[in-house]
Amino acid sequence: MRLLILGGTRFLGRHLVEAALARGAQPTLLNRGRTAPGLFPAVEQLRGDREGDLQVLRGRTWDAVIDTCGYLPRVVRRSAQALRDAVGRYLFVSSISVYADAAASRQDEHAPRAQLPGDDCEDIPNHYGALKAACEDEVQRLFGERAILLRPGLIVGPFDPSGRFTYWVQRVARGGAVLAPPSPAYPVQFIDARDLAAWMLELLHRQRSGAFNASGPAAPLSFGGFLEQCRQALGAPAEFVWPDAAFLERHGVAPWTELPLYAGEGGRGLNEVSLARALSDGLRLRPIGETCVDTARWAGDAPLPEGIGLDGKREAELLRAWQAR
Ligand SMILES: NC(=O)c1ccc[n+]([C@@H]2O[C@H](COP(=O)([O-])OP(=O)(O)OC[C@H]3O[C@@H](n4cnc5c(N)ncnc54)[C@H](OP(=O)(O)O)[C@@H]3O)[C@@H](O)[C@H]2O)c1
């Protein structure tokens, strides 16, 4: 399979390139050459800004394109128009954030999607999901049955720049008392980028169409189950302390950033999407412990992005306050 990847060098994209090479496919990357320049010297790389001139694509054809870096409908429309007659399928990497109701449980691919406040809205931080939905519409309109709209949940594993999953792995590895979210029963979903990448290629190989949620694991997982599997895989002497939601609120602990993966009741649905379609169409997921071990090995004790996780001092204060309540 000759594959064009718009992007390909940060996180999901680099796993896609590895998976494509492992499958015997021939990837070509289009990017600006800013992120990890020099990565994949043996792979064809086209230089270009997708927001600017797409001349570099002229006269070329591929079996499929995978778009990992589309956030604005105006920009996605340009690449979809430029590639409409040049590629077989267009796989757009969207997100489960497209769903209008982040709290609803077990939403499948037919659930209502978020709407933009206006056609000219390009406010990615505040309307990321609605913008992704509008990008999906552009690809769907131009590619019809040749469009795949992939909606991942939290993508995790080596090279994850967000630090959200990595926080828990590093924290469990350090051991001792770990401040966990309010309830061990709170659901959690995520997908190893390597499993996602392999399945994206499989969807193209199977010539699939339409929207797919993409997360894991296959059976419902609780936060307690996740942390315990992480602890066992790392062989770490960690103990988990489960405060209640009112305590965390009183102390101003921010869900999702300070306690990553925990999205509160308002974001519970992001940890509970339906995976029925994905699992019946070839999605295979590695054991959680393997993702934890590989992430720990990759991350070491490297610092996380600013604002992600609790720093040691704040966590210790919170633990003391919880014990003294
Ligand atoms: N992380 C999550 O948990 C999560 C969850 C759901 C969905 N998603 C989606 O998954 C995707 C993951 O992206 P990723 O960053 O891991 O992909 P990636 O393909 O590894 O990296 C992004 C690539 O896009 C290129 N790029 C950025 N702006 C560009 C431009 N204007 N023109 C050409 N190339 C450009 C970058 O290279 P240069 O900088 O060199 O141009 C880089 O190669 C995103 O679409 C995200 O919305 C993520």
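This is a predicted model: local features need pLDDT of at least 70, side-chain atom pairs count only at pLDDT 80 or more; totals for chains, interfaces and linings use all residues.
**Figure 1. Around the ligand, helix α1 supplies the largest share of the shell, 3 residues.** The shell around the ligand holds 24 residues, and Gly7, Arg10, Phe11, Gly13 and Arg32 come nearest. Sorted by class, the shell has 10 polar residues, along with 7 nonpolar and 7 charged ones.

**Figure 2. Helix α1, residues 12-22, is mostly covered.** Of the 11 residues in α1, 8 are buried. These are Leu12, Gly13, Arg14, His15, Leu16, Val17, Ala19 and Ala20. What do the buried residues of α1 pack against? Their partners include the strands β1 (2-6), β2 (26-31) and β4 (62-67). Strands β5 and β7 (155-156) belong to the list too, as does helix α5 (193-205). Follow the chain just past α1 and you reach Gly24, which takes a positive phi of about 85°.

**Figure 3. Ser94 sits in the loop between strand β5 and helix α3.** Strand β5 covers residues 87-93, and α3 covers residues 124-143. Is Ser94 buried or exposed? With 27 other C-beta atoms within 10 Å, Ser94 is buried, because 20 or more are enough to count as buried. Leaving aside residues up to four places away in sequence, Ser94 touches Lys132, Cys135 and Glu136, and also Leu149, Leu150 and Arg151.

**Figure 4. Helices α4 and α6 cross at roughly 55°.** Two packed helices are described by the angle between their axes and the distance between the axes. In this pair, α4 spans residues 164-174 and α6 spans residues 223-234, and their axes come within 9 Å. The angle of roughly 55° makes α4 oblique to α6. The crossing is right-handed. On the α4 side, the contact is made by Trp168, Val169, Val172 and Ala173. On the α6 side, Leu227, Cys230, Arg231 and Leu234 take part. An α-helix has 3.6 residues a turn, so residues three or four places apart point the same way. By class, the contact of α4 with α6 has 7 nonpolar residues, 1 charged residue and no polar ones.

Terms used. Residues are numbered from 1 along each chain as its sequence is written. Axes are lines fitted to C-alpha atoms, for helices over the stretch in contact, and angles run from 0 to 180 degrees between N-to-C directions. Helices (H or I, at least four residues) and strands (E, at least two) are DSSP runs, numbered from the N terminus. Angles under 35 degrees count as roughly parallel, over 145 as roughly antiparallel, 65 to 115 as roughly perpendicular and the rest as oblique. A crossing is left-handed if the near helix is turned anticlockwise from the far one by less than a right angle, and right-handed if clockwise. Two residues are in contact if their C-beta atoms, placed from the backbone, lie within 7 Å. Ala, Val, Leu, Ile, Met, Phe, Trp, Tyr, Cys and Pro count as nonpolar, Asp, Glu, Lys and Arg as charged, and the others, Gly among them, as polar. A residue is buried if 20 or more other C-beta atoms lie within 10 Å of its own, exposed if 12 or fewer, and partly exposed in between; C-beta atoms are placed from the backbone. A residue is near a molecule or strand if its C-beta atom, placed from the backbone, lies within 6 Å of it.
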